[in-house]
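The sequence and the model come before my notes.

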Amino acid sequence: MAAVGFDKDGKIVSISIDTAQDKVGFDDKMALTSDTKVAGKTKKELGNDYGMKTASKIGKEWFEQIAEFEKWVVGKTAAEVAAMKLTETVPAEEDLKTLVTIKVADYIKAIEKASKNAIAVKGGEKVGLGAVVSTAKSKSAEGENGAVAQVDTTIVATVLDKAGKVAGSFIDVAQTKVAFDKDGKVTTDKTAEVKSKVELGDAYGMKGASKIGKEWFEQAKALQEWMVGKTPAEVTGMKLAEGKADVEELKTSVTVTVGGYLEAFKEAAANVK
């Protein structure tokens, strides 16, 4: 995932890249062994606990290498980043050879996607990324029903103005599922692209069950728009009722549970740079 700030000429002025690499464990009877109540951590959140440094040829942890990559892309356009020299998806640029040995192809794709998804904001100064990872919807096998490993990653990119108020935000959720049959064999195509809720659009299928007749991406957009002009404290301090927005302006536009989005937003606002 990447939160990217572009200037009026399309050059990158701020960027935060992260990866959620979460595992769900099962025993030989396909009963869950992972504590799914514990929130997952991204690679940046893991820091030195990610454990790359000892195996790294340059003795640098993942968060240190991604920081160097982030520095390198600043001042460039998404197209210029995409044109960087690679050797087996590892940077082959002379000024990165001793700083970044991790594979960066997917990070480049995330930057390109951020460029395509960019929203125009007024007075934006600093951009931040926040993520909340949950495996709580994973299930053990039960009878004829096979086990399911599910990782839900809520992602928020936000930009603050010089007064510290929200100039714009982008909310999305990657809801990744791996299903097993009753014998414990994977039935999901692991090579297939996983689309986020925003990418699914109408295909997500919420509109038919929605009391207000709005799809998920429409509700997320309404929440994003409500945030504009407010301080992070005003956003995270919004009145809730059973996890849903209890705000007059949102009653006809947002009926989804928003707790996770506010948590990811809080992290994004705290991480702006």
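Which residue takes a positive phi in the hairpin of β6 and β7? I found that Gly164 does, with a phi near 85 degrees, in a hairpin that has 4 residues between the strands.

**Ground rules.** I am reading a predicted model, in which local features need pLDDT of at least 70 and side-chain atom pairs count only at pLDDT 80 or more, while totals for chains, interfaces and linings use all residues. Residues are numbered from 1 along each chain as its sequence is written, and side-chain values use heavy atoms, with hydrogens and water left out. Helices (H or I, at least four residues) and strands (E, at least two) are DSSP runs, numbered from the N terminus.

**Entry on the sheet.** I looked up how the strands are arranged, and found an open sheet of 3 strands in the order β5-β6-β7, with antiparallel pairing. Two strands count as paired if DSSP finds at least two bridges between them. The edge strands are β5 (124-134) and β7 (166-179), each of which pairs on one side only. The twist averages 10 degrees from one strand to the next, where axes are lines fitted to C-alpha atoms, for helices over the stretch in contact, and angles run from 0 to 180 degrees between N-to-C directions. As background, I noted that strands of a sheet pair through backbone hydrogen bonds, either parallel or antiparallel.

I then followed β6 (residues 148-161), which pairs with β5 over 10 bridges and with β7 over 13 bridges.

**Entry on helix α2.** I checked the length of α2 (residues 62-73): its 12 residues should span 16 Å at 1.5 Å a residue, and its end C-alpha atoms are 17 Å apart, which agrees. The expected span is 1.5 Å times one less than the number of residues. Trp62, Gln65, Ile66, Phe69, Glu70, Trp72 and Val73 are buried in α2. They lie on the same side of α2, because they cover an arc of only 160 degrees around the axis, taken from the directions from the helix axis to the C-beta atoms. After α2 comes Gly75, whose phi is positive, near 95 degrees.

**Entry on aromatic pairs.** My search of the whole structure gave 3 aromatic pairs, meaning rings of Phe, Tyr and Trp (its six-membered ring) with centres within 6.5 Å; planes under 30 degrees apart count as stacked, over 60 as edge-to-face and the rest as tilted. One of them joins Phe26 and Phe180, and it is edge-to-face because the ring centres are 5.4 Å apart and the planes stand at 65 degrees. Phe26 lies in the loop between β2 and α1 and Phe180 in the loop between β7 and α5 (197-200), so the pair ties together parts 154 residues apart in sequence.

Terms used. Buried means under 20% relative accessible area, exposed over 50%, partly exposed in between (1.4 Å probe, protein chains only).
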